[in-house]
Number of protein chains: 2
Amino acid sequence: MNFLEKLLTASRQQNSLLCVGLDPEQSRLPAELRDLPVAAATVRFCREIIDATAPYACAFKPNLAFFEVLGPAGMQALLEVIHAIPAHIPIIADAKRGDIGSTARNYAAAIFDTYGFDAVTVNPYLGFDSVEPFLAYRERGIILLCRTSNPGARDFQDLLVQDAAGQTQPLYEAIAHRIQEWNGLTGNCGLVVGATYPRELKAIRALCPDLPILVPGVGSQGGDLEASVMAGVDADGERAIISVSRGILYASHGQDYAQKAQAQARLLRDQINRARNRPA
Amino acid sequence: MNFLEKLLTASRQQNSLLCVGLDPEQSRLPAELRDLPVAAATVRFCREIIDATAPYACAFKPNLAFFEVLGPAGMQALLEVIHAIPAHIPIIADAKRGDIGSTARNYAAAIFDTYGFDAVTVNPYLGFDSVEPFLAYRERGIILLCRTSNPGARDFQDLLVQDAAGQTQPLYEAIAHRIQEWNGLTGNCGLVVGATYPRELKAIRALCPDLPILVPGVGSQGGDLEASVMAGVDADGERAIISVSRGILYASHGQDYAQKAQAQARLLRDQINRARNRPA
């Protein structure tokens, strides 16, 4: 089963487009875990979040930065977190790697062979040959940054670029076009498009009707859930992966953090479902 | 001493613009190290390369992909490799990270606090707020991808973008302009510009006369050493960091690999010096 099939299967089984982002920030771990060594506390926290939210999630998305900052022990923690995720739920490495040649091959091998992820976020700025070593893993998902959710996305992604015919379009649209072409070669591409720009998300969905789109930025980053879902889903109300991290992980700072995370995941799952079932 | 001062000091002491890239690919390690566990073989290989080439290097550049692929033990190996580098020689993390908000803060903390690098390569595609958490480490160097050395660099980096006045320039030049502005705020920026495009390198040097420029792609990627050095140095023949990895690491596959790496580093150092002392 390739990534897209695994995603759609999990999404239908759980009736959910919600991806739970695992961004375990050391300073925000629950007080009761602070006596543990930080890598152990991270594993324990993530495991309890996973167990509590798995019934409502179509995917989990560990964010590598929060594990890398803990050094080698953090990467061991990442392995343990990956192993704690139920086998039927796809796991996306939020890594945003981007490099060339043998470096790209080794990043892809790290993500897919060493850690065993089902999909990865990749930065396309270095062009096709930087993405190819990832695309070569046909059964894994390669989710390319297109239009990100932060204010600085305007700095370069929105610049108007000229094509050979002298027509202009924003850079992120030119990139979406190319990714659509790459997907024609390998069939395993996806896009990252931030929830904070539903208009851009809608334009990109029109350009790429079949690609899975990972949509971060709902909640703490201010993205409008309903508008994002309606703009991001495909014609069947699927293939949008609505990712929420802090809004679930830190729903409570008390002992009831797993319980509150579960309630929040269920609430978000249901809000997403209401939005995707609404006529446009 | 900040990164640029440390770089210039090392470069003058060693009379060198040569950066030795540490890309220890498992399948290319010397036969005599293959009986060791791979992480231990990686440390041993890198240590011998470091000891042999340090007299001719202005910087070392470990490439994180080759350590990440070895799992948690690879990150332990990376720490040991970092500790093996003489204290006066700056260490550049070739990581090409790029993310936003708390993720970017944690990547920066991983690179600078957890691993102790002097500088890092960063992908600017996500814009200013993605780079700011790195720039906040004022004494470290933030070396931003501008024009890379691979064929796919043409896919997006060369697209013609329009400014507010309707003038066009390649995207990589627009990015170089912005990085020059960011450097005005924090003074710790640098650029990555591939050796395979000396004409573009020369144009970027003209836009950014004072920034250190990391120039990979000489040797195995086909970049012309002399043309790259002449295009990349500043008015004083400095601030270019000419990076060579495979051409040094794998100069020999026999038992004499460290000796051959040393000879190759000395040769490259001398070739670079002849080029930078040549009248333009």
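Which residues of the largest nonpolar core touch the most other members?

1. The model is predicted, and the answer should be read with that in mind. Within the largest nonpolar core, which has 202 residues, the members that touch the most others are Leu18(A), Leu191(A), Leu18(B) and Leu191(B).

2. For Leu18(A), once its neighbours within four places in sequence are left aside, the contacts include Tyr56(A), Ala57(A) and Cys58(A), and they also include Ile242(A), Val244(A), Ala265(A), Leu268(A), Arg269(A) and Ile272(A).

3. In chain B, helix H2 (residues 38-53) and helix H4 (residues 72-83) have axes that come within 9 Å and cross at roughly 20°. Because angles under 35 degrees count as roughly parallel, H2(B) and H4(B) are described as roughly parallel to each other, and H2(B) passes H4(B) in a right-handed crossing. On the H2(B) side the contact is made by Ala39(B), Thr42(B), Val43(B) and Cys46(B), and on the H4(B) side by Ala73(B), Gly74(B), Gln76(B), Ala77(B), Glu80(B) and Val81(B). The residues of this contact comprise six nonpolar, three polar and one charged.

4. Also in chain B, the axes of helix H8 (residues 171-186) and helix H9 (residues 198-207) come within 10 Å and cross at roughly 30°, so that H8(B) and H9(B) are roughly parallel to each other; their crossing is right-handed. Here Tyr172(B), Glu173(B), Ala176(B), His177(B) and Gln180(B) of H8(B) meet Glu200(B), Ala203(B), Ile204(B) and Leu207(B) of H9(B), and the residues of the contact divide into five nonpolar, two polar and two charged.

Definitions and conventions
Residues numbered from 1 in each chain as written. Chains lettered and ligands numbered in written order. Predicted model: local features only at pLDDT ≥ 70, side-chain atom pairs only at ≥ 80, totals over all residues. Core = buried A, V, L, I, M, F, W, Y, C linked by C-beta atoms within 7 Å. Buried ≥ 20, exposed ≤ 12 C-beta atoms within 10 Å, placed from the backbone. Contact = placed C-beta atoms within 7 Å. Axes fitted to C-alpha atoms, helices over the stretch in contact; angles between N-to-C directions. Helix = DSSP H or I, 4+ residues; strand = E, 2+ residues; numbered from the N terminus. Parallel < 35°, antiparallel > 145°, perpendicular 65-115°, else oblique. Left-handed = near helix turned anticlockwise from the far one by under 90°. Nonpolar A, V, L, I, M, F, W, Y, C, P; charged D, E, K, R; others polar.
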